[in-house]
Every structure is written in structure tokens, then in C-alpha cells.
Amino acid sequence: RWKHSRKGTAPAFSSNHIKRMNRVCGEELDRWKVEVLDPLADAGRSFDVGKEMIHLTIRVISAAAFEYDISEEEVDDFV
């Protein structure tokens, strides 16, 4: 039984797939820093870390697992 499950999930953890997911995570983090964090820091504004991390996590999962560029409106639907 475990063998069947392992065969089904193994492709998701191939070396190439892990490298792609790592790259996507880095890209999403860089995007968040430039588009969200830097402007807030430059303006001296505070922000809700929990909310931002939830938004970032949803964007990373969407891009890394599903290769889907989720919109902010779609992210808001999850939150």
C-alpha cells in the first residue's frame, strides 16, 4: 500500500522539481520584498506580519505547486 502512494508522489520530489520550486520560492520572496516590504519600510509604516506571511505563503504555493500566478484578489478570497 505505501509503495503505491510513494510512486504517486515521487515525481513531485524529483531533483528538477525541487530546484524549480526553490527558484520559484526565491522569486516570490524577492517580489514581496520589492513590492510590499520595501515601500512599507521606506514610508516607516507598520504592517500585519501574519497577514503578509499568509499572502506570501498562498502565492508561493500557487506558483511552486501549481505553476499559477495568483492575483491579489484571488489571494484575498483565501484569507
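Colleague: How many helical turns separate Glu 35 and Arg 31 in helix H2?

Modeller: About one, because the two are 4 residues apart in that helix. The model is a predicted one.

Colleague: What makes the pair Glu 35 and Arg 31 a salt bridge?

Modeller: Their closest N and O atoms are 2.8 Å apart. The cut-off is within 4 Å, from a side-chain nitrogen of Lys or Arg to a carboxyl oxygen of Asp or Glu, so the term applies.

Colleague: Is Arg 31 called buried or exposed, and on what value?

Modeller: Arg 31 has a relative accessible area of 17%. Buried means under 20%, so Arg 31 is buried. Salt bridges with shared partners join Glu 28, Arg 31, Glu 35, Arg 59, Asp 69 and Glu 72 into one network.

Colleague: Why is Arg 59 called buried?

Modeller: Its relative accessible area is 8%, and under 20% counts as buried, so the label follows. Arg 59 is in helix H3. Apart from neighbours within four places in sequence, its contacts include Glu 28, Arg 31, Asp 69 and Glu 72.

Colleague: What do the buried residues of H3 pack against?

Modeller: They pack against helix H2 (15-43) and helix H4 (72-78).

Colleague: How do you know that the span of helix H3 is close to the one expected?

Modeller: H3 has 18 residues and reaches 25 Å from its first C-alpha to its last. At 1.5 Å a residue, 26 Å is expected, and the reach is close to that.

Colleague: What caps the N-terminal end of H3?

Modeller: Asp 48 does, with a side-chain oxygen 3.0 Å from the backbone nitrogen of Gly 50. Just after H3, Glu 67 takes a positive phi of about 50°.

Colleague: What makes Arg 20 and Glu 67 a salt bridge?

Modeller: The N to O distance is 3.7 Å, and the cut-off is within 4 Å, so the pair qualifies. The bridge links distant parts of the chain: Arg 20 is in helix H2, Glu 67 in the loop between H3 and H4, 47 residues apart. Arg 20 is buried at 17%, whereas Glu 67 is exposed at 62%.

Colleague: Why is Val 49 called partly exposed?

Modeller: Its relative accessible area is 48%. Together with Phe 47 and Met 53, Val 49 forms a nonpolar patch on the surface, with about 230 Å² of accessible area.

Note on methods. Residues numbered from 1 in each chain as written. Predicted model: local features only at pLDDT ≥ 70, side-chain atom pairs only at ≥ 80, totals over all residues. Heavy atoms only, no water. Expected span 1.5 Å × (residues − 1). Contact = heavy atoms within 4.5 Å. Polar contact = N/O pair within 3.5 Å; in protein donor to acceptor, adjacent residues only side chain to side chain. Buried < 20%, exposed > 50% of the residue type's maximum accessible area, 1.4 Å probe, protein only. Patch = residues over 30% accessible without salt bridge, like charges linked within 9 Å, V, L, I, M, F, W, Y side chains within 5 Å. Areas by Shrake-Rupley, 256 points an atom, 1.4 Å probe, with all protein chains shown as cover.
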